[in-house]
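Please read them with the structure open.

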Amino acid sequence: MTSFFAMNGYGFYIWSAYGIAVLAIVVEILLIRSHRKAVLAQARSTASDAAPDPLAATE
Amino acid sequence: MAINWFRFSSPAAFYPLAGKLVPWFAGAAAVLTAIGLYIGLVVAPTDFQQGEAYRIIFLHVPAAWMSMFLYVVMAGWSAVALGYNTRLSAMMAQAIAPSGALMTLIALTSGAFWGRPTWGTYWAWDARMTSELILLFLYLGVIALRNAIDDPRRADRACGVLALTGVVNIPIIYFSVQWWNTLHQGATVSLTKAPAMASIMLTGMLIMSFAAWFYAIAACLARLRTIIVERERGAAWIAQLPEVKAIA
């Protein structure tokens, strides 16, 4: 197992390359998720603004 | 088989379809990545010239292919959007740019970590690397230009023109290793010649390429859904979506 991670001395280069790729992909997925949450919240407030306000008639 | 494909050019029709497709593409990408990495890092034999360092190829080549391919697809949708003034095509182009930038970044960094042990340097200003770096700047330029323009329809047109202009860089990247004397090696796999690599290595690389494809499709469709909600949020159908109605 240790020899697998050592990659005959090339471990640093191989795992750095793959590590950065994994990190970048995780960041992309998290960014899409957080953006989606923000956009859905925005859509909710737009929808509730557009809906007739039950209190409006009393004024 | 009378499917009206044009129906899906409407954001309201495409949004639920994309939602159904995302988990399938993401799942396929995960399975293929697991198989591809197992072949690439465990099964494939040590290269007789480069030792273990060559194993970066299973990441580097698929990412580099995708970086160019996604740009062409982005430019294609931009052209459709400019020509037919279709909203969804422009949103498609908008959704692809960040994934293209990601693939370019992976191609550049994995290339650097491959170059160091094999060429003795992380970076050289040779034609292949420089043109790939320009590709990253083109993606970042398209993203930045969109963020700089408030009106999304104007941003669509401006980004579309920029994306189409940048297409000239794609053949430059592809043929750079033939046109100039580069530190970067020539193509290992091409459509015209038999691949210059062992078949198990080629298998691993192709599986990783399909994984990259499916991942990019999943990520772009997921991002597209977010963009649709963001840009169409005044529309009645958005207000009727269960994920929007849930709390409101």
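1. In chain B, 77% of the contacts between residues at least 6 apart in sequence join residues at least 24 apart. The model is a predicted one, and this share should be read with that in mind.

2. Chain B has nine helices and zero strands; its elements, read from the N terminus, run α-α-α-α-α-α-α-α-α. Along the principal axes, its C-alpha atoms fill a box of roughly 65 × 40 × 35 Å. The chain has 248 residues, and 41% of them count as buried.

3. Is B:Tyr71 buried or exposed? B:Tyr71 is buried, because 26 other C-beta atoms lie within 10 Å, and the cut-off for buried is 20 or more.

4. Which residues does B:Tyr71 contact, leaving aside its neighbours within four places in sequence? They are B:Gly100, B:Leu135 and B:Ile170.

5. Helix 2 of chain B packs with helix 6 of chain B (residues 169-179) at an angle of about 160°, and the axes are 10 Å apart. Angles over 145 degrees count as roughly antiparallel, so that is how helix 2 and helix 6 of chain B are related. Helix 2 of chain B passes helix 6 of chain B in a left-handed crossing.

6. The contact itself involves B:Met68, B:Tyr71 and B:Val72 on the side of helix 2, and B:Ile170, B:Ile173 and B:Tyr174 on the side of helix 6. By class, the residues of this contact are six nonpolar, no polar and no charged.

7. Two backbone values in chain A deserve a look. Most residues other than glycine have a negative phi. A:Met7, which is not a glycine, has a positive phi of about 50°, and A:Asn8 also has a positive phi, near 55°.

8. Where is A:Met7 found? A:Met7 is in the loop between helix 1 (2-6) and helix 2 (11-50) of chain A, and A:Asn8 lies in the loop between helix 1 and helix 2 of chain A. A:Met7 is partly exposed, with 18 other C-beta atoms within 10 Å. A:Asn8 counts as exposed, because its C-beta neighbours inside 10 Å number 12 and the cut-off for exposed is 12 or fewer.

Methods. Residues numbered from 1 in each chain as written. Chains lettered and ligands numbered in written order. Predicted model: local features only at pLDDT ≥ 70, side-chain atom pairs only at ≥ 80, totals over all residues. Helix = DSSP H or I, 4+ residues; strand = E, 2+ residues; numbered from the N terminus. Contact = placed C-beta atoms within 7 Å. Axes fitted to C-alpha atoms, helices over the stretch in contact; angles between N-to-C directions. Parallel < 35°, antiparallel > 145°, perpendicular 65-115°, else oblique. Left-handed = near helix turned anticlockwise from the far one by under 90°. Nonpolar A, V, L, I, M, F, W, Y, C, P; charged D, E, K, R; others polar.
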